[in-house]
Amino acid sequence: MLKLIAPLCCSALVLLTACTATTTGAVVAGPLRSFQTEVAPIFAKSCAGCHSPGGSGASALTLLDASGQVNYDAARAKAGAIARDVASGEMPKSGPKLSAAQIKLIQDWQATGAQNN
Ligand code: HEC
């Protein structure tokens, strides 16, 4: 019986350690979010004004192409900076702020691998 319990205890310990290791201020990855249906619409609405060709933020990051389509590769390449700047409130630079739920959504998207899903 002990032989059976010991490995169980060990794996429980490993799990516990893994969980507590995330309490260091790093973003804890939430649920997988859809880039196409959840993240991209936020970019199109709140970032397009400046992060499209010719916009004030285009040289730093061109999130949308000339036709207004969100460019996944550009978003993916800068996912870390995007998550950081929306969380700090630095972006959007002006205009309506993102809601806490929108910020968390973008953080979750980035923390789960910034997938094109
Ligand atoms: C009112 C204009 C404006 C809006 C709206 C805006 N930005 Fe920006 N953004 C800029 C400008 C200008 C820069 C260039 C650097 C600076 O001035 O901070 C920039 C820089 C950035 C950077 C830094 C890129 C790098 O390489 O570090 C990121 C990331 C970013 N913006 C993300 C966003 C996201 C995401 C949104 C929408 C939620 C957004 N921005 C909305 C103007 C804007």
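## Fold and numbering

Helices (H or I, at least four residues) and strands (E, at least two) are DSSP runs, numbered from the N terminus. On that basis the protein chain reads α-α-α-α-α along the sequence, with five helices and zero strands. The model is a predicted one, in which local features need pLDDT of at least 70 and side-chain atom pairs count only at pLDDT 80 or more, while totals for chains, interfaces and linings use all residues. Residue numbers start from 1 along each chain as its sequence is written.

A residue is buried if 20 or more other C-beta atoms lie within 10 Å of its own, exposed if 12 or fewer, and partly exposed in between, with C-beta atoms placed from the backbone. Of the 117 residues in the protein chain, 19% are buried. Two residues are in contact if their C-beta atoms, placed from the backbone, lie within 7 Å. Among the contacts in the protein chain with a separation of 6 or more, 53% are between residues 24 or more positions apart.

Two packed helices are described by the angle between their axes and the distance between the axes. Axes are lines fitted to C-alpha atoms, for helices over the stretch in contact, and angles run from 0 to 180 degrees between N-to-C directions. Angles under 35 degrees count as roughly parallel, over 145 as roughly antiparallel, 65 to 115 as roughly perpendicular and the rest as oblique.

Helix 4 (residues 79-88) and helix 5 (residues 100-111) have axes that come within 9 Å and cross at roughly 155°. Helix 4 is therefore roughly antiparallel to helix 5. The crossing of helix 4 past helix 5 is left-handed (the near helix is turned anticlockwise from the far one by less than a right angle; clockwise would be right-handed). Helix 4 contributes Ala79, Gly80, Ile82, Ala83, Val86 and Ala87 to the contact, and helix 5 contributes Ile103, Ile106, Gln107 and Gln110. By class, this contact of helix 4 with helix 5 has seven nonpolar, three polar and no charged residues (Ala, Val, Leu, Ile, Met, Phe, Trp, Tyr, Cys and Pro count as nonpolar, Asp, Glu, Lys and Arg as charged, and the others, Gly among them, as polar).

## Helix 2 against helix 5

Helix 2 packs on helix 5 at an angle of about 125°, with the axes 10 Å apart. Helix 2 is therefore oblique to helix 5. Helix 2, too, passes helix 5 in a left-handed crossing. Phe35, Glu38, Val39 and Ile42 of helix 2 meet Gln102, Leu105, Ile106 and Trp109 of helix 5. The classes in the contact of helix 2 with helix 5 are six nonpolar, one polar and one charged.

## Ligand shell

The ligand is surrounded by 20 residues, of which Cys47, Cys50, Gly57, Met91 and Pro92 are the closest; a residue is near a molecule or strand if its C-beta atom, placed from the backbone, lies within 6 Å of it. Helix 4 gives the most to this shell, with four residues. By class the shell has 10 nonpolar, seven polar and three charged residues.

## Local backbone and loops

Most residues other than glycine have a negative phi, and most peptide bonds are trans. Met91 and Pro92 are joined by a cis peptide bond, with omega about 0°, and Pro92 lies in the loop between helix 4 and helix 5. Ala114 is not a glycine, yet has a positive phi of about 45°. Ala114 sits in the segment after helix 5 and counts as buried because it has 21 C-beta neighbours inside 10 Å.

Asp65 is in the loop between helix 2 (35-46) and helix 3 (72-77). Asp65 counts as exposed because it has 12 C-beta neighbours inside 10 Å.
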